[in-house]
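Hi there,

Here is the structure I promised to pass on. Have a look at it first, and then read my notes below.

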Amino acid sequence: MTTTSTGKPTSGEMGLRVSDHTTAMLAYWDADQICRFANSAYLEWFGRSKDEMVDKITMKELLGPSLYEKNLPYIKAALAGQKQVFDRVIPLRDGTRRHSLATYTPDIINGKVAGFFVHVADITYVKELEARLVHSKQEMLRNVIETQERERMNIEHILNENVTQMLVYCKMLLSHDKSKIDLDLNKNILDSINQAIQQLKELSFNLTPTGIKHFGFINGTEDYIEHLKTEHPIKFFFEYNDSDIEELDLEDKLSIFRIIQNFILILAQEAAVEKITILLHYNFPNLTLKLSCNSINFVLPKSSREYMDIEQRLEYYGGKITELTTADENTVLIELNVNNMVHSYNTAPAHAG
């Protein structure tokens with residue numbers, strides 16, 4: 001080892017020692033893609049010592065034909081003078097896999113690319129941490145969705161089983177004993193009770209679509225839409241590609257229904273909306289909802305409770321929403337990745353060189 005007059009390694013020697021003691025792969029490949037420098041990390045990652053690589057191996061020989069083809073666009077771009085940064089999953093000799101972040105930096109001398117520097121860092125821990133954070137956020141969203149559904153079911157149960165029955169009982173008493181009360185007053189009270197019963201039934205129906213639980217997603221959704229036709233002067237059209245969606249868990253079917261329901265509730269408030277079309281295409285694990293209305297001036301109210309509920313479910317399923325406008329309709333395209341997941345509640349009350 002070359003040393004200075006003080007007995008210490010030169011800066012060049014120190015640089016080589018540092019590069020050989022880093023876990024990241026460091027290399028230099030010339031314009032012919034021949035290795036001109038490599039540190040010791042290549043032995044651990046690829047099973048190649050730097051003595052086996054420097055001035056002896058091409059990048060294609062290191063990676064192999066198949067992997068070389070995957071990296072070739074980045075190699076060509078680097079040799080064209082463009083810095084490249086990309087990630088890869090690298091299988092090691094022991095069968096494990098590492099997530100890596102590769103950086104190809106062009107070496108430009110007098111305006112000409114002489115080669116490129118390579119830095120490949122192990123980011124497995126970062127990727128695993130990201131995965132844990134994503135999983136944790138999904139769990140949080142699932143808990144929120146579950147809590148909302150439980151609350152809706154509890155409210156529906158209270159309204160349907162307690163309040164509605166009590167009103168029905170009062171109605172029966174008033175109808176039975178007409179001699180003790182003024183007939184006009186009796187009629188007004190009965191009319192008010194009837195309205196209250198009808199409103200409670202409507203509220204219960206919107207809170208928990210029991211048809212989905214008992215008869216399936218398709219029948220339950222169709223039943224809900226048929227019911228809406230009696231309440232709104234809007235033409236509804238619901239189409240689906242097949243019934244495979246019934247294989248999903250009830251919780252997933254309820255979430256998909258809630259997206260449709262919230263979209264309809266948003267549109268029903270628009271006076272200009274006369275027609276709503278709902279097209280559902282499901283091919284596990286991908287589900288697409290195409291929701292259209294005749295109002296081209298319609299803008300989704302992104303601060304509304306309904307829209308925020310849609311966004312929450314989209315985030316849980318890793319979905320996205322796209323707004324499309326044509327000459328005669330406004331369309332919202334919703335794409336979901338629906339995987340059968342374990343639910344906790346019961347609905348009853350490539351490589352780098």
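A quick word on handedness before anything else: a crossing counts as right-handed if the near helix is turned clockwise from the far one by less than a right angle, and as left-handed if anticlockwise. Please also keep in mind that this is a predicted model.

With that in hand, on to the helix pair. H9 passes H10 in a right-handed crossing. Helix H9 covers residues 217-231 and helix H10 residues 250-268; their axes lie 11 Å apart, at an angle of about 20°. Because angles under 35 degrees count as roughly parallel, H9 is roughly parallel to H10.

On the H9 side, the contact is made by Phe 217, Thr 221, Tyr 224 and Leu 228, while H10 brings in Lys 253, Ile 256, Phe 257, Ile 260, Gln 261, Ile 264 and Leu 265. Sorted by class, this contact has 8 nonpolar, 2 polar and 1 charged residues.

Next, the nonpolar cores. The largest has 43 residues, and those touching the most other members are Phe 217, Ile 245, Ile 256, Ile 278, Leu 289, Ile 334 and Leu 336. Elements that each supply at least two residues include helix H6 (124-176), H9, H10 and strand S7 (275-283). H10 gives the largest share of this core, 10 residues.

Leaving aside neighbours within four places in sequence, Ile 245 is in contact with Phe 217, Ile 218, Lys 253, Ile 256, Leu 280, Tyr 282 and Leu 287. Another core, of 27 residues, lies apart from the largest one; among its members are Trp 29, Leu 67, Ala 102 and Val 118.

Best wishes

Conventions:
Residues numbered from 1 in each chain as written. Predicted model: local features only at pLDDT ≥ 70, side-chain atom pairs only at ≥ 80, totals over all residues. Heavy atoms only, no water. Axes fitted to C-alpha atoms, helices over the stretch in contact; angles between N-to-C directions. Helix = DSSP H or I, 4+ residues; strand = E, 2+ residues; numbered from the N terminus. Parallel < 35°, antiparallel > 145°, perpendicular 65-115°, else oblique. Contact = heavy atoms within 4.5 Å. Nonpolar A, V, L, I, M, F, W, Y, C, P; charged D, E, K, R; others polar. Core = buried A, V, L, I, M, F, W, Y, C linked by side-chain atoms within 4.5 Å. Buried < 20%, exposed > 50% of the residue type's maximum accessible area, 1.4 Å probe, protein only.
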